[in-house]
Amino acid sequence: MSRPSTPDPSVVSEPGGRRGRDTWTAALTRWVEGLVPKGQWLPDRQPVYVASWIYVFGVACLASLVVIIVSGLVLTLGGVTWWHSSTVGHFVNSVHLWSVELFFATMVIHLWGKFFMASWRGNRGLTWATGALAFFGSLGTAFTGYLIQTNFDSQWISTQAKDGLNAAGIGAYFNVMNLGQMVLWHVSLLPLVVGGIVVVHVVLVRRRGVAPPIGALDPTTSLPVPEPEATLGAPGHEASRSEPDSVRTVGSSQGPGA
């Protein structure tokens with residue numbers, strides 16, 4: 001009696017096999033690899049103009065956002081009134097407040113810096129749009145944060161905002177006098193929206209590269225710096241950069257930019 005045939009392992013495990021290419025995991029892998037050019041997720045070299053301090057505020061904004069998220073998660077464990085009765089809660093609430101202040105300060109500087117730099121150049125229009133959307137979404141998140149302070153300040157803000165929202169016809173759907181609703185908007189709905197937009201924004205920055213200053217010159221040739229656009233191929237294929245090596249350098253050795 002003949003032995004039963006066994007499947008050829010090369011058909012299943014070989015990366016180039018047809019069955020391997022048809023799996024959803026392989027398709028997802030190709031899609032993720034095609035999002036950003038190879039080597040640009042965490043690059044160790046950046047263009048020389050990134051050494052300017054104007055490029056620091058985007059990273060500072062992201063760092064502030066991380067502190068906001070961590071301190072906000074700690075506050076949710078204690079509840080909306082925890083910081084009134086606990087010194088630890090008061091400290092965490094203060095960290096949350098001042099990280100928000102730093103977040104908006106760095107975001108505004110970053111936003112205006114990129115505006116006067118015309119950072120939508122080089123097919124970066126979507127990068128600019130997502131950054132602006134993140135700013136407006138953050139305003140709504142900060143507004144709901146003021147509403148859930150559970151003090152006289154939040155009461156005054158909610159009563160004043162109520163009339164304006166009712167006049168706009170949305171007071172029935174966005175009731176600023178409803179503490180529970182505002183808590184859910186602040187800790188779940190709006191952070192998910194803002195966080196998603198920020199992730200898309202960062203991916204686009206890594207995909208297209210940072211925008212060069214208007215009229216930036218290559219110090220080695222005294223010629224205008226070419227746009228560091230990514231030449232993206234099909235998902236799963238290696239992408240290349242059109243930026244010459246002469247305008248790239250190690251960011252950590254040239255200045256604060258990254």
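In the predicted model, Ala118 counts as buried, because its relative accessibility of 13% falls under the 20% limit. Ala118 is placed in the loop between H6 and H7. Its phi is near 55°, a positive value in a residue other than glycine. Most residues other than glycine have a negative phi. A positive phi of about 55° is also found at Thr150, again not a glycine. Thr150 lies in the loop between H7 and helix H8 (152-168). With a relative accessible area of 25%, Thr150 is partly exposed.

Two packed helices are described by the angle between their axes and the distance between the axes. For helix H6 (residues 87-116) and helix H7 (residues 125-147), the axes come within 11 Å and cross at roughly 155°. Because this angle is over 145 degrees, H6 is roughly antiparallel to H7. The crossing of H6 and H7 is left-handed. On the H6 side, the contact is made by Glu101, Phe103, Phe104, Met107, Val108, Leu111, Lys114 and Phe115. H7 contributes Trp128, Ala134, Phe135, Ser138, Leu139, Ala142 and Tyr146. By class, the residues of the contact of H6 with H7 comprise 12 nonpolar, one polar and two charged.

Aromatic pairing was then considered, and the count comes to nine aromatic pairs. In one of them, the rings of Phe103 and Phe104 have their centres 5.4 Å apart. The planes of these two rings stand at 85°, which is over 60 degrees, so the pair is edge-to-face. Phe103 counts as buried at 5% relative accessibility, and Phe104 counts as buried at 16%.

A further aromatic pair is formed by Phe115 and Trp128, with 6.1 Å from centre to centre and 35° between the planes. This pair is tilted. Phe115 lies in helix H6 and Trp128 in helix H7, so the pair ties together parts that are 13 residues apart in sequence. Phe115 is partly exposed, with a relative accessible area of 37%, and Trp128 is partly exposed, with a value of 24%. Phe115 and Trp128 also belong to a cluster in which ring pairs link them with Trp112, Phe116 and Trp120. Both residues are among those that make the contact between H6 and H7.

Terms used: Residues are numbered from 1 along each chain as its sequence is written. This is a predicted model: local features need pLDDT of at least 70, side-chain atom pairs count only at pLDDT 80 or more; totals for chains, interfaces and linings use all residues. Side-chain values use heavy atoms; hydrogens and water are left out. Axes are lines fitted to C-alpha atoms, for helices over the stretch in contact, and angles run from 0 to 180 degrees between N-to-C directions. Helices (H or I, at least four residues) and strands (E, at least two) are DSSP runs, numbered from the N terminus. Angles under 35 degrees count as roughly parallel, over 145 as roughly antiparallel, 65 to 115 as roughly perpendicular and the rest as oblique. A crossing is left-handed if the near helix is turned anticlockwise from the far one by less than a right angle, and right-handed if clockwise. Contact means heavy atoms within 4.5 Å. Ala, Val, Leu, Ile, Met, Phe, Trp, Tyr, Cys and Pro count as nonpolar, Asp, Glu, Lys and Arg as charged, and the others, Gly among them, as polar. Rings of Phe, Tyr and Trp (its six-membered ring) pair if their centres lie within 6.5 Å; planes under 30 degrees apart count as stacked, over 60 as edge-to-face and the rest as tilted. Buried means under 20% relative accessible area, exposed over 50%, partly exposed in between (1.4 Å probe, protein chains only).
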